[in-house]
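These are notes for a colleague who is opening this entry without having seen it before. Please keep the sequence and the model in view while reading the points.

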Amino acid sequence: MFPVDRPRRLRRTPALRRLVAETSLQPRHLVLPMFVADGLDAPREISSMPGVYQHTLDSLSKAAEEAVAAGVGGVMLFGVPRAEDKDAIGSGATDPQGILNRGLRRLKSDLGDSTVVMADTCLDEFTDHGHCGVLTADGAVDNDTTLARYVDMAVAQADSGAHLLGPSGMMDGQVAAIRAGLDAAGHHDVGQLAYSAKYASAFYGPFREAVGSSLQGDRRTYQQDSANRREAAYEVELDLAEGADMVMVKPAMSYLDILRDVANISPVPVAAYQISGEYSMITAAAQNGWIDRDAAILESLTSIRRAGADVVLTYWATEAAGWL
Ligand code: PBG
């Protein structure tokens, strides 16, 4: 007549729900991606990502200190060079005076080892064509020429004080090449958070504005096809064999099945990146009054953790850490 099994019993009060929660979300699980831009007098808000800024060196330092005070696990830095400093090979990426390397040195001197400073190791912010690598004469992204650029970029970032490098260009062999380059330069202790399963995604849209990039064409010849699941495991296995210290799945919310697969096979910590478009969608819906912003943020982050992420990169890292 009446149900004997009543799962609702354990949902009755907040204390009961807290007692039986299977997934936890703590400030240390969150990493804040940050943009530092060259030639700015003041921080500039990214219009497609309200609340996210291109920073000056000073505002970068202040925002990073706030993130650390909120308890985040780390920060991931992206550089935004001046348009006139971009070229075909992304020279600003390897120049010690390039904006990303200057930003890394600033964070190192301000924060030391009190947090984990990560760097995006990819050329697209620095190339005038917006691709993640060097192009051949007929416009294809040249894998092996690009690897040499990544090695130089990685060494410059390690020299500038980064703890972890995030190779995000999806070139074949990038983790092994960077590992060998770092070791040859004496940077044995600088690790790699490899963007192993990175999909070609429409949800990167707002990132183009964030880094002032106008991409010619698309990234489908090097980033993964959203139709593919098994291939993600292959990419992760390759990166592990090449020496990845952590592996990442990106984007997050449309790829939670991939994240679960990777979490099930990975012997190293797994990260997921809640990317620009995910941020902008929730922000825009909340601005229209269509969803409860804070609840949607916490639900999205909890879901990414539940799917298997040890670490979540999110533009809400500081704010969400403050709530937890
Ligand atoms: C490549 C890189 C991208 C992002 C992180 N690293 C852009 C891309 O691959 O197209 C996207 C991050 C985001 O959208 O929030 N440097």
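In which hand of crossing does α4 pass α5? The crossing of these helices is right-handed, and point 2 gives the details.

1. Basis. This is a predicted model, in which local features need pLDDT of at least 70, side-chain atom pairs count only at pLDDT 80 or more, and totals for chains, interfaces and linings use all residues. Numbering runs from 1 along each chain as its sequence is written, and side-chain values use heavy atoms, with hydrogens and water left out. Helices (H or I, at least four residues) and strands (E, at least two) are DSSP runs numbered from the N terminus.

2. Helices α4 and α5. Helix α4 covers residues 143-159 and helix α5 residues 174-184; they pack at an angle of about 50 degrees with their axes 9 Å apart. Axes here are lines fitted to C-alpha atoms, for helices over the stretch in contact, and angles run from 0 to 180 degrees between N-to-C directions. The two helices are therefore oblique to each other; under 35 degrees counts as roughly parallel, over 145 as roughly antiparallel, 65 to 115 as roughly perpendicular and the rest as oblique. A crossing is right-handed if the near helix is turned clockwise from the far one by less than a right angle, and left-handed if anticlockwise. On the α4 side, L147, Y150, V151, A154, V155 and A158 meet Q174, A177, I178, G181 and L182 of α5, where contact means heavy atoms within 4.5 Å. The residues of this contact divide into nine nonpolar, two polar and no charged. Ala, Val, Leu, Ile, Met, Phe, Trp, Tyr, Cys and Pro count as nonpolar, Asp, Glu, Lys and Arg as charged, and the others, Gly among them, as polar.

3. Helices α3 and α4. Helix α3 (residues 99-111) packs with α4 at an angle of about 25 degrees, and their axes are 8 Å apart. That makes α3 roughly parallel to α4. The contact joins L100, N101 and L104 in α3 to M153, A156 and Q157 in α4. Its residues comprise four nonpolar, two polar and no charged.

4. Helices α2 and α3. Helix α2 (residues 57-69) and α3 pack at about 45 degrees, with their axes 10 Å apart. On that angle, α2 is oblique to α3, and the crossing is right-handed. Among the residues of α2 that meet α3 are D58 and E65, and R102, R106 and D110 are among those on the α3 side. The contact divides into six nonpolar, two polar and five charged residues.

5. Aromatic rings. Rings of Phe, Tyr and Trp (its six-membered ring) pair if their centres lie within 6.5 Å; planes under 30 degrees apart count as stacked, over 60 as edge-to-face and the rest as tilted. By this rule the count comes to nine aromatic pairs. In one of them, the ring centres of Y279 and Y315 are 5.9 Å apart and the planes stand at 75 degrees, so the pair is edge-to-face. Y279 is in helix α9 (residues 276-287) and Y315 in the loop between β10 (311-313) and α11 (317-323), so the pair ties together parts 36 residues apart in sequence. Y279 and Y315 are both buried (under 20% relative accessible area; exposed is over 50%, partly exposed in between, with a 1.4 Å probe and protein chains only).

6. Backbone points to check. Most residues other than glycine have a negative phi, and most peptide bonds are trans. The peptide bond from K250 to P251 is cis, with omega near -10 degrees; P251 sits in the loop between β8 and α8 (256-265). M170 has a positive phi, near 60 degrees, and is found in the loop between β6 (164-167) and α5. M170 is buried, at a relative accessible area of 6%.

7. Two single residues. V247 lies in strand β8 (residues 246-250) and is buried, with a relative accessible area of 0%. Beyond its neighbours within four places in sequence, V247 has contacts that include L193, V236, V262 and A271. L135, in the loop between β5 (116-121) and α4, is partly exposed at 28%. Leaving aside neighbours within four places, L135 is in contact with H129, A140, V141 and D142.
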